[in-house]
Every structure is written in structure tokens, then in C-alpha cells.
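Q: Hi! Could you walk me through this structure in plain words?
A: Happy to, let's look at it together.

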Amino acid sequence: MMGAWQIAWFTVACAAGATILMLPAGVLIAWLLARRNFPGRSIVETLVSLPLVMPPVATGLLLLVLLSRRGALGGMLERLGIEIVFTWKAVVIAMAIMGLPLLVRTARAGFEQVNSRYERVAATLGAPPSRIFFTISLPLAWPSVLAGAVLGFARALGEFGATIIVAGSIPGETRTLAVAIYSYTETGQDAQAIRLVLVSVVIAFVALWSANRLVERRAA
Amino acid sequence: MIAIDIQLKQGAFSLAAAFNLDARVAALFGPSGAGKTTILDAIAGLRTPDRGSIAIDGRLLFSSDARVNVPPHQRHVGYVPQDVALFPHMDVRRNLLYGRHPGISPDLERVVGMLEIGKLVDRRVTDLSGGERQRVALGRALMSGPSLLLLDEPLAAVDVPLRKRILPYLGRVRDDLRLPIVYVSHDREEVEALAEVVVRIEEGKVAGVDRA
């Protein structure tokens, strides 16, 4: 049996990987939704939030269909020698998809709060849009982006439904805290399960507590 | 020489303004809501007119017929908005240097000296008084090496005694840097103190052009 802390470490590492994966896309989508009008805007807005409302198991199944060897994306990746399904990579991807809505919603609110006067003045000072983004919009929205990332990370930590479908519960390979708790409970190892629950509580508490501090600092 | 002939509609408000300016300092004068700021925004490229054209010294910045619309960051137009909008996450020095273009921009020393903001460069912008913010914003616009300076109500945010102290700085910008200035004001005294030409704007239209 794997130690509780080993499972915890694996879970935190995957959640961190998922956060790194969702940040560039999430921040870009958040900024686009906050600042740009483009065709299909409301579709993107809805799609991004979908994992928040859909049963996670359904999201997992969609990912499985997409990423398996016979799937559209999975077939392509297999030819490149990359296998996703039932590996730690599937854990990271499932976590990223499930955390993305929280990141996007929080970061978007942050970008919307930035007074567009600053961005407009920066343009008259000769800054092209990319420079405005990195020197004005992003730094001013930074507390919200960070809070969104922490929320996404926290959501990723607890991810279960999508993970178990697309990555399974392979000890030492894809077994996260949530999946391990389920597996232990299923096999009657209640004491093990409780230990992992306590570890989960500590990690989730720290993640949410930091997110709240960041949001408060922004409001101050 | 600035040649403007623009039309735009926004909700119930419509603007149709055409005028040429050959003066060094011109004021757009009129009551609030008349469309003065909209004209400045159009010159700076921050708002796109529905139709018309804008040219500065023969350089076409906007033309609906020729399908020209130079983006704001390529217009070389310095713009100080009414609320000055100093970047709150940067100190005064980084604000001043934000738009610096080597080869085009004036020396920082010269701008700082002219506006007497040398003592402020290491301060946070949140620690500045209204008059200081105004001068720093002016300096920031000048440091981008613009070919035209747009000022939106440059003296509205400062109290009356301070206005008399800021006016000379605007005069120095006009005379030392030989930079054409277009500014918006609803204050007759302010207009008379600075402008060579006054464009009276009323209800989205040019009501008259006077030489001071």
C-alpha cells in the first residue's frame, strides 16, 4: 500500500501541473471575454463554464472518447508516441478541464475591474496590444488571476468523477486522494480512507484560505 | 495642420464635426456633453467615427472612404485624459518612461526640468497631489515623443489657485517643445489664457471658430 503522504504528494503535483496547464488558456479566455467582442463569444463563455454544471463523470467520458486511441485527438497523439488515457497525463488534463471554469470566471472579473482608461492611455503612448496586456491589464488584474488559479488548483485537488473515468485508479500511477478514498472505502479499508480524508481537509483548507486572502487583498 | 471631418452616432447622441486647425494651441470649447471629448478620442484613435477623415500634417490617420484607420499606438498622439489615469502600479519614473521611444522622445531630464517634477520621480503615484498628477501625466505624454498633444480638461481637476500655476507649464510645452496642442475646456478664462484658436462645440456640432 502506498503511504498517505505519497498519494497526497502525487495529487498536489498533478493539481499544480493542471494549474500550469490551465493558466495560459484560462487567462487568455478571461481577457477575451472581459475586453473583446468576437463572433461566438457567448458560445465560448458557455463552453468554458460547462464542466461546472455537467456531471464530472460525463466530462470524463467525453475526454475518454476524445483522448483514447480510437479518439480524434488520442489517435493523433498515439502516432507521436504519446499515450494519455490511464496515465498521470490524463489526471492532469481532467483536473485542468474541471478547474478551468473557476479560473476563467475569477480572472475575468479581475480584468473587467481594470479601468479601461489605463489601457487606452497606454495605447496612445505607443504600446501595442500585447504590451498593454502584459504591462497594464495583467499586472492590475493579477490578484484576481492568482485567486482564480488557486481556486482552480483547489478544484483540481478534489477532482474525482472525470479522473476516475479517464485515468482510472492505478496505485502509484493515477491514484489521487479522491480516487484513493473511494477505492479504500469500496474495499472496506475505512481507516485508510479516513486518514486520506484528513489529509484532503488540510490541503483544501490551505488552498481556499489563501484564495480568500488574495480576494480580500484585492477588495481592500 | 489638423484636418477633421467626422460623423458618429452613439445612442441618442450624434456628432458631426468638421474643422481645420493651423494654430499651435487650439481649444475645443463648449458645455459638457457637447461632444468635445469624443472628438479627442477620435483623434487619438480610441473611438472610431462612423464616417469621415482625420489627418495631421497631411498624414491620414482615419478615412472611411480610403479604409484607413491607424491604430492608436501608431498615431504618435499624446493624450492626457481628464482623470489623467496614471498607472497605479508603477512609480512616477516608470509612468514617465512607459511610452519612451529612443530617437523620438525628448530627454527625460528636459521634460522633468520643464515641468519641475524632479522631486517626484521616485514617488508612488498614489502619493501625489492633484496638480502633481496633472504634471506627471503631461510629462508621460510628452515622453512618448508625440507630434500632437491632446488634453481633456487639463485644469478641471485642480482648484483655482493651482490653475494659475499649471497654465505656465502648458505655455512652456507650447513654446519650448513647439508642440501643437488641442485641448478641451468648458472654462472661458482658461481658453482665453492659452488658445490661439477656439472651436466652439455645441450639441455635437461646430458652432463657430474664433481667433483669440
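**A chat about loops, helices and contacts**

A: Let's start with a loop: B:Ala85 is found in the loop between E7 and helix H2 (92-97) of chain B. Keep in mind that this is a predicted model.

Q: Is B:Ala85 buried or exposed?
A: B:Ala85 is buried, because 21 other C-beta atoms lie within 10 Å, and 20 or more is what it takes to count as buried.

Q: What about phi of B:Ala85?
A: Phi of B:Ala85 is near 50 degrees, a positive value in a residue other than glycine. For background, most residues other than glycine have a negative phi.

Q: Which residue of chain A has a positive phi although it is not a glycine?
A: That would be A:Phe86, with a positive phi of about 60 degrees. A:Phe86 sits in the loop between helix H4 (72-79) and H5 of chain A.

Q: And why does A:Phe86 count as partly exposed?
A: Because A:Phe86 has 18 C-beta neighbours inside 10 Å. Partly exposed is the class between exposed, at 12 or fewer, and buried, at 20 or more.

Q: Okay, zooming out. How many helices and strands does chain A have?
A: Chain A has ten helices and zero strands. Read along the sequence, the pattern of chain A is α-α-α-α-α-α-α-α-α-α.

Q: What does the C-alpha trace of chain A span?
A: About 65 × 45 × 30 Å along its principal axes.

Q: How much of chain A counts as buried?
A: Of its 220 residues, 45% count as buried. As for contacts in chain A with a separation of 6 or more, 75% of them are accounted for by residues 24 or more positions apart.

Q: Let's talk helix pairs. At what angle do H2 and H5 of chain A cross?
A: The axes of helix H2 (residues 41-53) of chain A and H5(A) cross at roughly 120 degrees and come within 8 Å. That makes H2(A) oblique to H5(A), and their crossing is left-handed.

Q: Which residues meet there?
A: From H2(A) there are A:Val48, A:Ser49, A:Pro51 and A:Leu52, and they meet A:Ile97, A:Met98, A:Leu100, A:Pro101 and A:Val104 in H5(A). By class, this contact of H2(A) with H5(A) has eight nonpolar, one polar and no charged residues.

Q: How do H6 and H7 of chain A cross?
A: The axes of helix H6 (residues 116-124) and helix H7 (residues 129-157) of chain A cross at roughly 165 degrees and come within 10 Å. H6(A) and H7(A) are therefore roughly antiparallel to each other, and the crossing is right-handed. A:Tyr118, A:Glu119, A:Ala122 and A:Ala123 of H6(A) make the contact with A:Ile132, A:Ile136, A:Ser137 and A:Leu140 of H7(A).

Q: Over to chain B. How do H3 and H4 cross there?
A: Helix H3 (residues 108-115) and helix H4 (residues 130-143) of chain B have axes that come within 10 Å and cross at roughly 150 degrees. So H3(B) and H4(B) are roughly antiparallel to each other, and H3(B) passes H4(B) in a right-handed crossing. On the H3(B) side you'll find B:Leu108, B:Val111, B:Val112 and B:Leu115, meeting B:Arg135, B:Leu138, B:Gly139, B:Leu142 and B:Met143 in H4(B). That contact divides into seven nonpolar, one polar and one charged residues.

Q: Where is B:Arg93 found?
A: B:Arg93 is in helix H2 of chain B. With 15 other C-beta atoms within 10 Å, B:Arg93 is partly exposed. Leaving aside its neighbours within four places in sequence, B:Arg93 is in contact with B:Val121 and B:Asp122.

Q: How many residues of the two chains are in contact with each other?
A: 17 residues of chain B are in contact with 14 residues of chain A. Strand E7 (residues 77-80) of chain B gives the largest share of the chain B side, three residues. By class, that side of chain B has nine nonpolar, six polar and two charged residues.

Q: Last topic, the largest nonpolar core. Which members touch the most others?
A: Of the 126 residues in that core, they are A:Ala94, A:Met95, A:Val166, B:Ala27 and B:Leu150. The largest share of this core, 15 residues, comes from helix H5 (residues 88-113) of chain A.

Q: And what is A:Ala94 in contact with?
A: Leaving aside its neighbours within four places in sequence, A:Ala94 is in contact with A:Gly60, A:Leu63, A:Glu159, A:Ala162, A:Thr163, A:Val166 and A:Ala167.

Methods
Residues are numbered from 1 along each chain as its sequence is written. Chains are lettered from A and ligands numbered from 1 in the order in which they are written. This is a predicted model: local features need pLDDT of at least 70, side-chain atom pairs count only at pLDDT 80 or more; totals for chains, interfaces and linings use all residues. Two residues are in contact if their C-beta atoms, placed from the backbone, lie within 7 Å. Helices (H or I, at least four residues) and strands (E, at least two) are DSSP runs, numbered from the N terminus. Ala, Val, Leu, Ile, Met, Phe, Trp, Tyr, Cys and Pro count as nonpolar, Asp, Glu, Lys and Arg as charged, and the others, Gly among them, as polar. A nonpolar core is a set of buried Ala, Val, Leu, Ile, Met, Phe, Trp, Tyr and Cys residues joined through C-beta atoms within 7 Å. Axes are lines fitted to C-alpha atoms, for helices over the stretch in contact, and angles run from 0 to 180 degrees between N-to-C directions. Angles under 35 degrees count as roughly parallel, over 145 as roughly antiparallel, 65 to 115 as roughly perpendicular and the rest as oblique. A crossing is left-handed if the near helix is turned anticlockwise from the far one by less than a right angle, and right-handed if clockwise.
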